[in-house]
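Please read these notes with the structure open beside you.

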Amino acid sequence: MAVSDDRKYTKAFVHTLLESIKGKTLGEVDKSHQFARTEKSEKITGIAGDVIEQSVFGYERDSKQECDIEIDGVLTELKTTGVRVPKSDLAKVKGKVGDAYNVYLGAKEGISITGVTFEPTIQTDFSTSHFWEKSEHLLIVFYEYKSYEAVPASAYADFQIVDYCYNKFSDEERAKLCNDWEIVRDYLQNIYDEYTDVDERNQNLIGFTHVLRPNLLLIELVPAFKKKSTGTYQKPRYRLKQTFVDYIVRGHFDKSRANTEISLKESFSSFAQLDSRCHAISAKYKGKTFAQLKKVLGVEADITDKNFGAQCVLKMFDADCKRLNQISDFTKAGIIAKTITITPSGSRTEDMKLSHIDFEEWSDKDIDFHDSDVYSYFCEHCFLCPIFCEHDNNDSKKTTFEGFKRFAFDDIFIESEVKRTWEDSRNLIHQNKLKWEYLYDKHGERRRNKSGSCMGAPNFPKSADYQVFFRGGADDSRDEAKTEVVNGIKMLPQFFWLKGTYITNKLKTINYL
């Protein structure tokens, strides 16, 4: 594979070129007048990339499965992606500029690499695949998507170009990407081998992206493979997960991360390897009580400590950190580790706190559920659950380690429960039906908490009627802590929660690893 001479550059030239546009807006560098197109259409996918490619580098955009440019003889894929400060960190960046501000930037979304090749006989080797050829050497240009709601294409003109980086994956990351790619290849090869008739084959490929999703560590396949109204088929692309891109972004802007980053001493290149590791740990420690684990593992925390179980698991993995979710191997792949305590009958699992709710996106009437952050969150994340069994509510020493279970959210749950919460809560906002519901005592008086504030909550989906529901996430219940404002109603910052009974029932259907 080769590029034309007009796409060949030296690294020195690229450095000078990109340094000259840092701090400028996409509109200011738009010499090829990409934003003029927004006068006729306010929805133009990839307009930021068009500006960088056609206005900055000066070549025409194409859809070929080949690298965009060559830098000092190295084929390189040019990607432009949005970054922004998470809403939860806005207070931390107040008054900060430059590097002190940029260190809080994270990825807005995943990075699309290339289309999935639907002729597996052509794409059999990862090292020569279109995917690896286009992802082995990445030049990523970052612009700050300074909004927390979807904006029209014309608004991108005001977004500032922040920085750029050359990304080359580590050997460990390459192994994970290779395994993901091979999972897709093998699945497609089996379908092609079994169904020689094109129509029958396509029919059996519908929904395959959802089938594979729980097994992919660093990539996702979007959009779904499905039949369109025209009779043709919508085909997916390989995209680096937002969780993985976030890891790349934060590593670029926070140069000190390498000094504090926690990686497993024995990593894994697939979910199958992780499951095998968990199985080996379970075989070694299953049935041991908290008292026994404290002695065998050398856990310093007291047995009565709320996080004692999690500290035991860290020791089992030989991870030198305080929290399971500090482990980079987990964060890259969107694995959320949650210790679960059950009774011998498998009940009594608590509600699970998930992610902060972005109400700017919620207020956008035009955004589709499948383009939302909440849809991406439930698609990209899975849960690794170390299970402990509490045999005596009054004696923590008797609590035993039972093993690990892992689960991802299936499409039925996402399309029914998550979408139901999404639609019902948005209807409350858009139809001005959102209201504050006070709690009253038996005398009809408003109940007050210890701070003197009236107790209550907005009428968003509650756990009584929803599997995925809203709940405030601040420890402070004073009126001053109600920093979220929706339709003029002040409330605590709101989070998604997962109902405990759903988790209990889900775990009962899953075998221990």
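1. Cavities. There are two cavities of 30 Å³ or more. A cavity here is a set of points on a 1 Å grid over the protein atoms alone, where a 1.4 Å probe fits but cannot get out; grid points are joined across faces, edges and corners, and a volume is the space filled by probe spheres set on the points. The largest cavity has a volume of about 70 Å³.

2. Basis of the notes. This is a predicted model, in which local features need pLDDT of at least 70 and side-chain atom pairs count only at pLDDT 80 or more, while totals for chains, interfaces and linings use all residues. Residues are numbered from 1 along each chain as its sequence is written, and side-chain values use heavy atoms, with hydrogens and water left out.

3. Lining of the largest cavity. The lining divides into seven nonpolar, one polar and three charged residues. Ala, Val, Leu, Ile, Met, Phe, Trp, Tyr, Cys and Pro count as nonpolar, Asp, Glu, Lys and Arg as charged, and the others, Gly among them, as polar.

4. Cysteines. How many disulfides does a search of the whole structure find? It finds zero, a disulfide being a pair of cysteine sulfur atoms within 2.5 Å. For Cys379, the nearest cysteine sulfur is that of Cys382, 12 Å away. Cys67 has its closest cysteine sulfur in Cys165, at 16 Å, which is too far for a bond. Cys67 is buried at 4% relative accessibility (buried means under 20% relative accessible area, exposed over 50%, partly exposed in between, with a 1.4 Å probe and protein chains only). Cys379 is also buried, at 12%.

5. The loop between helix 1 and helix 2. Helices (H or I, at least four residues) and strands (E, at least two) are DSSP runs, numbered from the N terminus. Thr38 lies in the loop between helix 1 (11–19) and helix 2 (47–57), and is buried at 8% relative accessibility. His33 is found in this loop too; His33 is exposed, at 57%, and has a positive phi of about 60° although it is not a glycine.

6. A cis bond. Val222 and Pro223 are joined by a cis peptide bond, with omega about -5°. Pro223 sits in the loop between strand 8 (219–222) and strand 9 (226–227).

Definitions and conventions: 1 Å grid on protein atoms, 1.4 Å probe; cavity = no way out; pocket = protein on both sides within 12 Å on 5 of 7 lines; lining within 4 Å.
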